Amino acid sequence: MRLATIKELLASKNLLQETTIKGWVRTFRSNRFIALNDGSTLSTIQCVVDFENFDEELLKKINTGAAVKVTGTLVESQGRGQSVEIQVSALEVLGEADPEEYPIQPKKHSLEFLREKAHLRIRTNTFAAIMRVRSTLSFAIHNYFRENGFNYFHAPIITGSDAEGAGEMFRVTTLDEKNPPLNEEGEVNYKEDFFGKETNLTVSGQLEAEAYAMALGKVYTFGPTFRAENSNTSRHLAEFWMIEPEMAFFDLDANMDLAEDFIKSVISYTLEHCQEDLEFLEKRLLDEEKSKPQAQRSEMPLIEKLKFVANNNFKRVSYTEAIDILKNCKPNKKKKFSYIIEEWGADLQSEHERYLVEKHFKCPVILFDYPAKIKAFYMRLNEDGKTVRAMDILFPGIGEIVGGSQREERLDVLKAKVKELGIDEKELWWYLDLRKFGTAEHSGFGLGFERLVLFATGMGNIRDVIPFPRTPQNAEF
Ligand code: 4AD
Ligand code: MG
């Protein structure tokens, strides 16, 4: 007999069918009602056990967390709260869970406690809902690009380049850490390392994606990226997933149009396909916020917020306009910001980004044309000689969710920039080649996948939207 899923059974109109299901016990009430979950849906199915027909020793093993096999008949439910239930005829315990030891009991656990049990937290409704939404979002992303003529491109994970130039990389080496080979200057000789040069885990697949866009037209990466930045915030991970589309013949406006359409589209898809999980997460958030002061509560319930983003235009504002707004805003004048905005050229902190989005515009914002000095080397220089064709998308509750730009396609301008920053031209020889042979206007952006999942699930900490988070001092599991 084919194993049915609980999702199928709950939707089934085919009553009185004999079925077998396997799942994990959520609760077992009155020695009679098993609430069984198999991950196919948030809901449990009620399995009604006539305890007189079963061995007492067997029933003792039906504890929260135990894996069981249930055979029975699907019948209309007598009780409230579910339409169908299973009248159990046979019951087998596949794997026990000792209630003295099993940490995920049917009560409220704090997210902090569950982070320490990351291998088991997925057995809670909250984490199962988050991870189903995460899975649906990643499917929606691939789907969007497929439907829009993009090729999925796998960027290398091990690389010799630092795309963002921030030096926040994890080194990859096989050299003997206690006794590395040294060169004549007494420094570690990476020529003798596995790759014959210094290598690291990639911070971004962009540079390689550019090479592919210059032949395939439209490509995207969706893979893990790594940053050794020591920022212990609720928005940063040392290992996170990034989606990076790269398009030949796209200028910055086309890039912004694509980014906005893309985000709206994947959010709409998720609204359509994850209704049950989103309703659960919305309720969770409302419960959690009851204990917070009014000022810290979100203005919209989760689903309304997602619909708002999917159905309204993002506000496009230049960096220069944004600085004017920030210089003159109340929290800046009253010195409420940790970093006071004094003049044009200042780098924006998350507090400024969130002010613009949450207090000033009250919608997602795309900031563009940033000062060249605070952005990466590859962005296209504007005619003014001091700003670059950069764009960041800022989201309520999140801050920066997307970073992108039109790329510098002029060989001489790019070479001058590389020189100015003291980067060795030889390291970028292949990247410069792209400007030497058939160069063309092109653009792209990077969306931090976990930040999107944070937004879509209404969760507050990025550690709760990736299965096994890697952060400073933490790589358990
Ligand atoms: O703004 P970033 O650094 O841009 C790039 O890496 C470009 N190469 C992208 C491109 O144009 N192809 O990073 C892009 C996004 C950020 O907006 C943020 O959402 C996310 O990646 N991000 C992080 N997410 C989690 N943890 C971190 N430590 C992150 N750093 C960046
Ligand atoms: Mg950025």
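Visitor: How many salt bridges does the structure hold?
Guide: The count comes to 22 salt bridges. Keep in mind that this is a predicted model.

Visitor: What is the general idea behind such a pair?
Guide: Side chains of opposite charge can pair when their charged atoms come close. Now take a case. Arg-32 and Asp-50 meet through their side chains in a salt bridge, at 3.9 Å from N to O. That falls inside the cut-off, because a salt bridge needs the nitrogen within 4 Å of the carboxyl oxygen.

Visitor: Where do Arg-32 and Asp-50 lie?
Guide: Arg-32 is in the loop between β1 (18-29) and β2 (33-37). Asp-50 is in the loop between β3 (45-48) and α2 (56-60). The pair therefore ties together parts that are 18 residues apart in sequence.

Visitor: Which class of accessibility do Arg-32 and Asp-50 fall into?
Guide: Arg-32 has 30% relative accessibility, so it counts as partly exposed. Asp-50 has 33%, and counts as partly exposed too.

Visitor: Are Lys-264 and Glu-260 buried or exposed?
Guide: Lys-264 is buried, at 13% relative accessibility. Glu-260 is buried as well, at 7%. The cut-off explains both calls, because buried means under 20%.

Visitor: Which residues do salt bridges join into one network?
Guide: Glu-210, Glu-246, Arg-407 and Arg-435. Their salt bridges share partners, and that joins them.

Visitor: Let us turn to rings. What describes a pair of aromatic rings?
Guide: Two values: the distance of the centres and the angle of the planes. This structure holds 21 aromatic pairs. In one of them, the ring centres of Phe-139 and Tyr-269 are 6.0 Å apart. Their planes stand at 45 degrees, so the pair is tilted.

Visitor: Which helices hold Phe-139 and Tyr-269?
Guide: Phe-139 belongs to helix α4 (residues 125-147), and Tyr-269 to helix α6 (residues 252-273). The pair therefore ties together parts that are 130 residues apart in sequence. Phe-139 is partly exposed, with 48% relative accessibility.

Visitor: Which residues form one aromatic cluster?
Guide: The cluster is made of Tyr-144, Phe-145, Phe-150, Tyr-152, Tyr-220, Phe-262 and Phe-445.

Visitor: Now the surface. Which residues gather in a patch of negative charge?
Guide: Find Glu-96, Asp-98, Glu-100 and Glu-101. Glu-101 is in the loop between β5 (84-95) and α3 (111-115). Its relative accessibility is 65%, so Glu-101 counts as exposed.

Visitor: Where does Glu-116 lie?
Guide: Glu-116 is in the loop between α3 and α4. It is exposed, with a relative accessible area of 58%.

Visitor: How are Glu-116 and Leu-10 separated?
Guide: They are 106 residues apart along the chain.

Note on methods: Residues numbered from 1 in each chain as written. Chains lettered and ligands numbered in written order. Predicted model: local features only at pLDDT ≥ 70, side-chain atom pairs only at ≥ 80, totals over all residues. Heavy atoms only, no water. Patch = residues over 30% accessible without salt bridge, like charges linked within 9 Å, V, L, I, M, F, W, Y side chains within 5 Å. Areas by Shrake-Rupley, 256 points an atom, 1.4 Å probe, with all protein chains shown as cover. Lys, Arg positive; Asp, Glu negative; His and termini not counted. Charge placed at Lys NZ, Arg CZ, Asp CG, Glu CD. Helix = DSSP H or I, 4+ residues; strand = E, 2+ residues; numbered from the N terminus. Buried < 20%, exposed > 50% of the residue type's maximum accessible area, 1.4 Å probe, protein only. Phe/Tyr/Trp six-rings, centres within 6.5 Å; stacked < 30°, edge-to-face > 60°.
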